[in-house]
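Good morning, colleagues. Please look at the sequence and the model on the screen while I describe the chain as a whole and then a few of its parts.

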Amino acid sequence: MFATLGEGSRDEGRIVSLTASFGPTVWPFERASKWRSSLHLVRRLRSERPDVVVVEGTSVAAGAVVLVGRCVFKVPFVVSSGDAVGPFIRLIAPKLGIFADLYEIILCRACAGFIGWTPYLTGRAITLGAPRAMTAANWAPPQPVRNGDRETTRDELGIPPEAIVFGLVGSLNWSEHARYCYGLELVRAVRRTSRRDVHVVLVGDGNGRERLEAAAGPELGSRVHLTGHVEREELGRYLAVLDVGSLPQSVDRIGAFRYTTKLSEYLAAGLPIVTGQLPLAYDLGGDWLWRLPGDTPWAETYVDALAALMSELTVIEVTQRRASVPRNLPVFNEELQRRSVEGFLTDVIERAARDPRRRGAEFHRRSGAHAIETPRVAGSARITGD
């Protein structure tokens, strides 16, 4: 298995965890040298012939590996993805849109199975031709919070104890196409309200940080606070500072397919969420969530609605919303996802064993391989993943 975001990435950690019961072989993938890595992985496919390859991500370089493996070496593959390929490429390179659509269709039709991060992506994969599909929506890693973290961290940032804090955790990367990066909606909204007890905290870094600082103007360091990069083990104490988590996504064929990792992190921290009129906001939402109008988080309609919420929100309402936050939604339970993926891959491997296109090839077994014992499959299965 391998991950297109590279060795040691969170995506690699996700797929390794989901396939842990199979004792997977993890193949390193160098994101900085994608095509060289792809060539190396094709060679490994030719020599090792695993029972199934699991790839986390849908980059063309990764897709080339598994498609060659499927067509030339008859090795089935399962692809896991958190984004719709065609719409995403159309956003950043419109002229390549038709080729991205075709690539996504080929990938779905050639795969032995598809693991979507949301049920919307899973349904899309089936529509495009995936023969088998399931959903594994990711989960929030543990974020330890110590007694007093909220107070001490607010003090470090210069935020009064009684303030209402809206915030966001994520990569602050600038999109030239949209003229936007995560958190800009919060900065713009807080500047449209006169309340001095409403603050904004943006946790993360990226090439959009300077633009956020410029947008904050005189409120930078006063009501707008940018922490810069925060190590994962320190993230819990910054989440403890917040009262409302921002989940800014566009209501289109890109944002509407996503949950994003921020959602599970906010819920694990007990944060009510403000977002747009997304499918997830209706499917998962309750009294712990605000749905704002506007097709994008950079639209004036959305920013005005967010500013109105900031102007009217009370501490009592925050407390009530926080009490309604579901901290243990099954959809974000790591153990349940592992069990589902184990059953899914077991069935995929069993089906592949009966596939005449494999030309009668037997499964490769090694003396040190981990065994999978289920009522339907017994034996060794070597899995390669992303």
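The protein chain contains 15 helices and 14 strands; here helices are DSSP runs of H or I with at least four residues, strands are runs of E with at least two, and both are numbered from the N terminus. Its radius of gyration is 23 Å, close to the 21 Å that the globule rule gives for 386 residues, so the chain is as compact as a globular protein of that length. That radius is taken over C-alpha atoms, and the rule is 2.2 Å times the number of residues to the power 0.38.

A word on the source: this is a predicted model, in which local features need pLDDT of at least 70 and side-chain atom pairs count only at pLDDT 80 or more, while totals for chains, interfaces and linings use all residues. Residues are numbered from 1 along each chain as its sequence is written, and side-chain values use heavy atoms, with hydrogens and water left out.

Along its principal axes, the C-alpha trace spans about 70 × 45 × 35 Å. Of the 386 residues, 53% count as buried, that is, under 20% relative accessible area, with exposed meaning over 50% and partly exposed in between (1.4 Å probe, protein chains only). Among contacts with a separation of 6 or more, 71% are between residues 24 or more positions apart; contact means heavy atoms within 4.5 Å.

Let me turn to the strands. Strand β7, residues 198–203, runs parallel to β8 and is joined to it by four bridges; two strands pair if DSSP finds at least two bridges between them. How much of β8 is buried? Four of the five residues in this strand, 224–228, are buried, which leaves β8 mostly covered.

Next, the helices. In helix α4, residues 85–92, the residues V85, G86 and P87 are buried. The cover over the buried residues of α4 includes α5 (97–110) and α6 (119–128).

Helix α8, residues 184–190, holds A189. Is A189 buried or exposed? A189 counts as buried because its relative accessibility is 0%. Leaving aside neighbours within four places in sequence, A189 is in contact with V303, L306, A307 and M310. By contrast, A189 and L128 are 61 residues apart along the chain, and their C-alpha atoms are separated by 39 Å.
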